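Subject: Structure handover

Hello,

Here is the structure I promised you. Please open it beside this email and follow along.

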Amino acid sequence: MASASGLVYHPPRCFRPRNLAPFRFSRSGFFSLEWNPAKASIRCCAMESGVERDGVGASHSKPRLSRLVGMGSKLVGCGSAVPKLLVSNDDLAQIVETSDEWISVRTGIHNRRVLTGNETLNGLAVDAAKGALDMAQVDADDVDLVIMCTSTPEDLFGGGARVQSDLGCKNAWAFDITAACSGFVVGLITATRFIKGGGYQNILVIGADALSRYVDWTDRGTCILFGDAAGAVLVQACSGDEDGMLGFDLHSDGQGQRHLNAIAKDEENKLTSNTNGALVFPPRKSSYSCIQMNGKEVFRFAVRCVPQSIEAALEDAGLTSSSIDWLLLHQANQRIIDAVATRLQIPSEKVVSNLANYGNTSAASIPLALDEAVRGGKVKIGDTIAAAGFGAGLTWGSTIIRWG
């Protein structure tokens, strides 16, 4: 099959094309399929085979529906979960030289939640995802993909597949995204691309982090900032005229890594040598350092780059800041949130913030705040939200979305 440009498309053996519409090139330079509900579909033969096996690696329990490419995306459910233990500023003042006033004036934070006892990050992620599924009225069997956005997985190899299993999403696959405080925005945009280009129907995007595990509790510059939490949304395919992903913008700059990181380091034990001087294995074990942050530089980066990114996403959406119903930023510091709102001329009553109660929960902060705003009646169906994540990497990005 050849397009007007001369490119030839060879369908993979796994896929059976059925009455595909012709390719067309968008203004961005990427080609896409013109979607027609009566014609455009791609069916995966592996999902039609009906073969079932028991045990680990068992195939899907039921056949998939046809995949329609070129679909829009809408957010139809959200959920969140936080640990039971609340740590106040006064509690921190008992272990490090600080005070409630010192912390709240500089950050806007009063409390944060920390994992303790038998609580796990995967458990929080599962609870948050269940909340999103319940709100969306979607069964776990109908989920096609689980995207776990975390930089602090329970397992070095990632937690997405375990969360997918614990949820009972037996027809889904899963993977992890590591982008720290930008992770949820990256995951959300990724989900919409799987729907538009891959024909997926229902995708869970989970943001979950437990940065308390990597905090130096003797460093008042960082230990006061972070808390643990999970948040999730259910992204669902819809027709193009209902598309809730209006625009987005993404960036990264590795030169800024020195300002915010938690780098792998070797333990200090000495390697011994054998009689001929060659090093003896095994090599030294590695672990991660506590979070290292240059607060002033991160602040400057955020107040400069985040407004620019939101403006770019608004331009991509064909909108202006006056079209925004809600500004929802990564909850890192209230002074950053206020500075970005001022730059974009968005009044404080349109800014979503729950930073005071939870601190910086990294990839969980945006979906956690969104869930509270939706369930609290602030964000309503049809509202336009400008969301932005920013942090380690350095990475940052924005998206303009319509709720519901």
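Predicted model: local features only at pLDDT ≥ 70, side-chain atom pairs only at ≥ 80, totals over all residues.

Residues are numbered from 1 along each chain as its sequence is written, and side-chain values use heavy atoms, with hydrogens and water left out.

Helices (H or I, at least four residues) and strands (E, at least two) are DSSP runs, numbered from the N terminus.

**Helix α2**

Start with α2, residues 100–107. Ile103, Ser104 and Thr107 are its buried residues. Buried means under 20% relative accessible area, exposed over 50%, and partly exposed in between (1.4 Å probe, protein chains only). The three cover an arc of only 95° around the axis, which puts them on the same side of α2. The arc is that of the directions from the helix axis to the C-beta atoms. Glu101 and Val105 are exposed on the other side. Why can one side collect such residues? An α-helix has 3.6 residues a turn, so residues three or four places apart point the same way. The cover over the buried residues of α2 includes α1 (89–92), β7 (111–114), α7 and α8 (355–358); contact means heavy atoms within 4.5 Å. Just after α2, Gly108 has a positive phi of about 85°.

**Helix α4**

Next comes α4, residues 160–167. Here Gly160, Val163, Gln164 and Leu167 are buried. They fall within an arc of 100° seen down the axis, so they line one face of α4. Their cover includes α3 (121–136), β8 (145–149), β9 (173–177) and β10 (202–210).

**Two helix pairs**

α3 and α4 pack at an angle of about 50°, with axes 10 Å apart. Axes are lines fitted to C-alpha atoms, for helices over the stretch in contact, and angles run from 0 to 180 degrees between N-to-C directions. α3 and α4 are therefore oblique to each other. Angles under 35 degrees count as roughly parallel, over 145 as roughly antiparallel, 65 to 115 as roughly perpendicular and the rest as oblique. From α3, the contact uses Asn122, Ala125, Val126, Ala129 and Lys130. From α4, it uses Arg162, Val163, Asp166 and Leu167.

α6 (residues 295–317) and α7 (residues 334–343) pack at about 40°, with axes 9 Å apart. This pair is therefore oblique too.

Best wishes
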